Amino acid sequence: MGFDVEKVRAQYPALADGRAWLDGAAGTQVPQPVIDAVSDAYRIGMSNVGGPYESSRRAGGVVAEARAAVADLVGAPDPACVVFGPSMTALTYRFAAALADGWRPGDEVVVTQLDHDANVRPWVQHAQRAGATVRVAELDPATGELPAQRVTDLIGERTKLVAVTAASNVLGTMPELRTITDRARQVGAISYVDGVQHCPHAHVQLAELGADLYATSAYKWAGPHLAAVVAGDAWTLENLHPDKLKPSPDTSPDRFELGTNPFAAMAGVVAAVEHLAELDSDADGSRAERLAVSRRAVLAHEDALARTLFDGIAALDGVVRYGAPQGPCTPTAFFGLRDLEPSAVAERLAERGLNVSHGHSYAWEVVHALGIGPKGGVRASLSHYTNESDVRRLLDALGDLTA
């Protein structure tokens, strides 16, 4: 049977309301197995780790399972290389503080205009405190692309960190990461890759990306909130020593995780990864092997829908798509209508049962590089549970608004 989108959709209770959920980039809906896993974790009861009783052992087991599941999802070398936190933003600030501890005046940090502000501002703020120099790689506003050379040209012998997205959260652009991460490694710089929008639309293998640290958020790939991750190689994690409480563990990854982990959410993470591994009914073997098959099937499904979306928008007079990358991109369209503010477009579409995002979506550098400012644009973003009817409904509604 392979990938059957209607079978997939049937597992998502929220989709039963009949709306077209085209806001996956802002957060996906949650399938029943994840809802059950979170609910069961609370129902059966969990205590904090470290106790000599079953509820405590269950909590410890959930943490171990969640690390193993995410390691399979992103191709991390070992479950011990998976760090959990409440959000990608919180984790990035956490890692920025640890990395910046060794920065000095004259050191350099490279960020890009393509990134979500969560992969810009933490590095800029810590660089300023350390007296380090920030270099900004500029995107091409006409195409929405970030040529790798615009990043690599800024990397030099004093570069300590290169922060770059694997996929823009509004334009969908997927830069050539390996060229960038290889250059960072040549000069001994750490590469910190924002994979929040990349992970839902790729078969992730950290070794292929060359990323030293890769961040993602479970609620972007059918998992629960309060469960973000930074995964990396063991050497990088072992050589970072963040501030921590004196009695808390001094081992990695535990020393990066502040306070008690959200055990129920982590149970949801395990269920979400298992769900992603089962999206193609023909997938077989280990979880990592099933993920590889299912991710390929999902990407083929999303790519076909994205072509329909992009071609349909291009054919509409009065609709301007911001950035139209010719290279790899996620199934995300960022656009505006000449005669309507983005907020008004989103409201009109909502009245017709279409959920889309609007505004800057924290892509602060992007919207300013494009010249549209904080009002931003309208974002339609597809997910593995999106079907052709959802896309057609959006195109028909945009056609009516521009008629």
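Q: How are H11 and H14 oriented relative to each other in this predicted model?
A: In the predicted model, the axes of helix H11 (residues 287-314) and H14 come within 10 Å and cross at roughly 5°. Angles under 35 degrees count as roughly parallel. H11 and H14 are therefore roughly parallel to each other.

Q: How do the residues of the contact of H11 with H14 divide into nonpolar, polar and charged?
A: From H11, Leu305, Thr308, Leu309, Gly312 and Ile313 take part, meeting Glu388, Val391, Arg392, Leu394, Leu395 and Leu398 of H14. By class, the residues of this contact are seven nonpolar, two polar and two charged.

Q: Which strands does helix H14 lie across, and at about what angle does the helix run to E10?
A: Helix H14 spans residues 388-402.

Q: Which strands are the edge strands of the open sheet of four strands?
A: The order in this open sheet is E9-E10-E13-E12, with antiparallel pairing. An edge strand here pairs on one side only, which holds for E9 (319-321) and E12 (357-359).

Q: Which residue in E13 is the bridge partner of Ser357?
A: E12 and strand E13 (residues 377-381) run antiparallel and are joined by three bridges. Within E13, Ser357 has as its bridge partner Arg379.

Q: Is His198 buried or exposed?
A: His198 sits in the loop between strand E6 (190-194) and helix H8 (206-209). Its contacts, not counting residues up to four places away in sequence, are Ala166, Ala167, Met174, Val204, Leu209 and Tyr214. With a relative accessible area of 6%, His198 is buried.

Conventions
Residues are numbered from 1 along each chain as its sequence is written. This is a predicted model: local features need pLDDT of at least 70, side-chain atom pairs count only at pLDDT 80 or more; totals for chains, interfaces and linings use all residues. Side-chain values use heavy atoms; hydrogens and water are left out. Two strands pair if DSSP finds at least two bridges between them. Helices (H or I, at least four residues) and strands (E, at least two) are DSSP runs, numbered from the N terminus. Contact means heavy atoms within 4.5 Å. Axes are lines fitted to C-alpha atoms, for helices over the stretch in contact, and angles run from 0 to 180 degrees between N-to-C directions. Buried means under 20% relative accessible area, exposed over 50%, partly exposed in between (1.4 Å probe, protein chains only). Angles under 35 degrees count as roughly parallel, over 145 as roughly antiparallel, 65 to 115 as roughly perpendicular and the rest as oblique. Ala, Val, Leu, Ile, Met, Phe, Trp, Tyr, Cys and Pro count as nonpolar, Asp, Glu, Lys and Arg as charged, and the others, Gly among them, as polar.
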